[in-house]
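Please read this report with the sequence and the 3D view side by side. Each heading takes up one topic.

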Amino acid sequence: MTTNTAPLPPRPPPCWRCRIALLLIGVSVIASFVYLGIDYRALGSAESLRLMGKFIAEFFPPDVSPDFLARVGHGALQTLAVSALGTVLAALAGAVLALPASGRAGWLPRHAARFALNFLRSVPELVWAALMVLAAGIGPFAGALALSLHTTGVLGRLFAEALENAPREPEHALTLSGAGPVAAFSYASLPIVLPQWVAYTLYRWEMNIRMAAVLGFVGGGGLGQLLYFHLSIFQQQQAMTVLIAMFALVVAVDLASARLRKGLGPAYA
Amino acid sequence: MLALSEFRPWALFDGGNLAVIGGFLAGFFPPDGSPAFMALLFKATLETLAMATAGTALALLIGAPLGFVTTRALSISRIGPGPGRVQAGVVRQAARWLLMVLRAIPEIVWALLFVRALGLGPASGVLALAITYGGMLGKVYAEILESTDTRPARALLEGGSGRFAALCYGLLPNTAQELASYTVYRWECAVRASVVMGFVGAGGLGQLMDQSMKMLNGGEASSILLVFLALVLLADLLSNALRRLLA
């Protein structure tokens with residue numbers, strides 16, 4: 001065996017930037033806790049634990065009188081309706097905005113549409129809901145509008161990206177052979193992107209169901225409004241029923257979408 | 001569906017509603033820039049950031065151990081038949097259910113509950129973030145650990161090493177980057193979430209926003225909205241930079 005005298009490769013230099021980043025993260029975490037000044041000892045003291053226990057005990061047993069269950073059922077249906085309506089409106093508006101945003105109409109419409117989409121997207125649903133409650137009055141319609149405004153921003157961007165990534169040749173071929181722009185788009189590009197658009201819309205619907213459940217906190221109807229109402233007047237047992245309904249709704253949506261995705265997976269991959 | 005959601009577009013053009021929203025939006029210009037309000041705004045922004053950071057740190061403390069327990073990549077009992085298979089399965093399933101309960105209830109609902117229990121203030125927001133994001137981090141950590149090449153860890157486990165050593169030497173070298181970048185992404189989400197947490201009284205910018213909206217003070221609302229957008233953008237940039245550094 002020949003002795004290999006080649007030296008070992010040099011030890012890589014220490015990553016100072018990583019260390020500094022880690023240090024900064026550590027410092028900011030500590031600073032956050034100090035700044036907030038939460039008295040964690042008080043949180044864990046016997047007195048507050050007893051109060052906590054009493055507070056939790058008030059939630060049991062949940063109210064399961066048929067009357068109230070019917071109201072919760074109505075609230076759950078309303079939540080579903082709000083999320084569905086919001087998503088449908090958003091899909092329509094998103095598709096309309098995605099056309100200029102994908103750069104089919106030139107530079108200026110493209111940037112204008114992108115700016116509008118970014119703005120719609122960066123305001124959270126709850127803030128839109130608080131604004132829409134002023135514009136449309138308290139109720140589920142305000143919630144649906146709020147959802148649709150935020151979701152338009154998200155879907156519009158995803159739709160536009162799908163359009164940009166779709167091959168252009170089929171549409172060119174139709175246009176060159178004399179089809180109008182509308183016909184060329186609907187027979188060449190739309191069939192390519194539609195499955196993706198549908199998949200994105202379903203995915204957002206799933207997220208919107210979760211969001212619709214809490215929009216009621218600012219007056220957007222549905223389960224959230226029931227929860228907020230009953231907690232405000234200290235009816236903890238009723239609130240518990242609503243919480244259970246919310247939990248069941250979210251878990252059901254989770255399971256359903258996991259199953260659906262398993263079934264649809266390859267088609268949308 | 002339309003009936004259930006009380007679909008009434010004409011309500012938008014109702015005289016009373018138009019007057020309210022018109023007056024409110026008209027107040028948006030100019031944004032309120034008075035020094036007193038700016039000081040308040042600055043404090044609320046810091047509080048929002050601190051809430052997000054503290055919440056994510058606590059979420060890490062909840063999520064990392066649970067992810068470590070639930071991941072199948074580190075299961076000794078799955079390697080072959082042996083004692084403790086049933087117990088291990090039960091523990092893993094229990095931890096998985098716990099994670100699901102933690103993340104199934106939206107953070108703002110937790111915040112609302114904690115505000116009732118602990119009173120107004122950022123403590124409720126921090127705890128709410130910690131619980132929900134702990135559940136999400138735990139689940140995603142477990143999935144990341146499973147989706148990487150698990151053979152090194154398995155070799156270590158078969159050679160008789162403990163689970164923790166197998167994690168450190170078998171899985172972390174491959175996955176540390178992805179784990180860290182997902183955590184940073186969660187922090188970004190936490191900033192966005194803590195911005196609205198105040199709507200239920202959990203401190204930060206949201207609380208300020210809620211007050212200005214209830215008083216229909218458009219000028220204040222528009223400056224808050226601007227800070228809001230800047231903050232979300234900043235969190236976006238910072239988290240992208242951090243993730244690039246880690247990559």
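What follows covers record annotations, the contact between the chains, and a few helices.

## The model and its annotated spans

This is a predicted model. UniProt, in an unreviewed entry, marks "transmembrane region" in chain A at residues 20–38, 80–105, 126–149, 182–200, 212–231 and 237–256. Two of these spans show how the model builds them. Residues 20–38 of chain A are 89% helix and 0% strand, with end C-alpha atoms 27 Å apart. Residues 182–200 of chain A are 100% helix and 0% strand, and there the end C-alpha atoms are 23 Å apart.

For chain B, the unreviewed UniProt entry gives the "transmembrane region" annotation to residues 12–29, 49–69, 97–117, 123–142, 189–209 and 221–242. The span 97–117 of chain B is 90% helix and 0% strand, and its end C-alpha atoms lie 25 Å apart. The span 221–242 of chain B is 100% helix and 0% strand, with 31 Å between its end C-alpha atoms.

## A domain in chain A

The record, again unreviewed, also places "domain: ABC transmembrane type-1" at residues 76–257 of chain A. In the model, this stretch of chain A is 86% helix and 0% strand. Its end C-alpha atoms are 18 Å apart.

## Where the chains meet

How many residues of chain B are in contact with chain A? There are 41, and they touch 41 residues of chain A. On the chain B side, at least two residues each come from α1 (15–26), α2 (35–70), α4 (107–118), α5 (122–147), α7 (163–197), α8 (205–214) and α9 (218–246). The helix α2(B) gives the most, with 6 residues. By class, this side of chain B holds 34 nonpolar, 3 polar and 4 charged residues.

## The nonpolar core

The largest nonpolar core has 127 residues. The members that touch the most others are A129(A), M132(A), L215(A), A111(B) and L129(B). Take M132(A). Beyond its neighbours within four places in sequence, M132(A) is in contact with A142(A), L145(A) and A146(A).

Helix α7(A) has 26 residues. From first C-alpha to last it reaches 37 Å, close to the 38 Å expected at 1.5 Å a residue. Even so, α7(A) has a kink of about 30°, centred on T151(A). The helix is mostly covered, with 22 of its 26 residues buried. N165(A) and S32(A) are 133 residues apart in sequence and 43 Å apart in space, C-alpha to C-alpha.

Now turn to helix α3 (residues 46–57) of chain A. Its 12 residues reach 16 Å from first C-alpha to last, close to the 16 Å expected at 1.5 Å a residue. Helix α3(A) is hardly covered: the count of buried residues among its 12 is 0.

## Helix α8 of chain B

Helix α8(B) is mostly covered, with 8 of its 10 residues buried. Which are they? The buried residues are L205(B), G206(B), Q207(B), L208(B), M209(B), D210(B), S212(B) and M213(B). Helix α8(B) also supplies at least two residues of the side that touches chain A. Just after this helix, L216(B) takes a positive phi of about 55°.

Key: Residues are numbered from 1 along each chain as its sequence is written. Chains are lettered from A and ligands numbered from 1 in the order in which they are written. This is a predicted model: local features need pLDDT of at least 70, side-chain atom pairs count only at pLDDT 80 or more; totals for chains, interfaces and linings use all residues. UniProt positions are given in the numbering used here, feature names are shortened, and annotations may be inferred rather than shown by experiment. Helices (H or I, at least four residues) and strands (E, at least two) are DSSP runs, numbered from the N terminus. Two residues are in contact if their C-beta atoms, placed from the backbone, lie within 7 Å. Ala, Val, Leu, Ile, Met, Phe, Trp, Tyr, Cys and Pro count as nonpolar, Asp, Glu, Lys and Arg as charged, and the others, Gly among them, as polar. The expected span of a helix is 1.5 Å times one less than its number of residues. The bend at a residue is the angle between axes fitted to the seven residues ending there and the seven starting there. A residue is buried if 20 or more other C-beta atoms lie within 10 Å of its own, exposed if 12 or fewer, and partly exposed in between; C-beta atoms are placed from the backbone. A nonpolar core is a set of buried Ala, Val, Leu, Ile, Met, Phe, Trp, Tyr and Cys residues joined through C-beta atoms within 7 Å.
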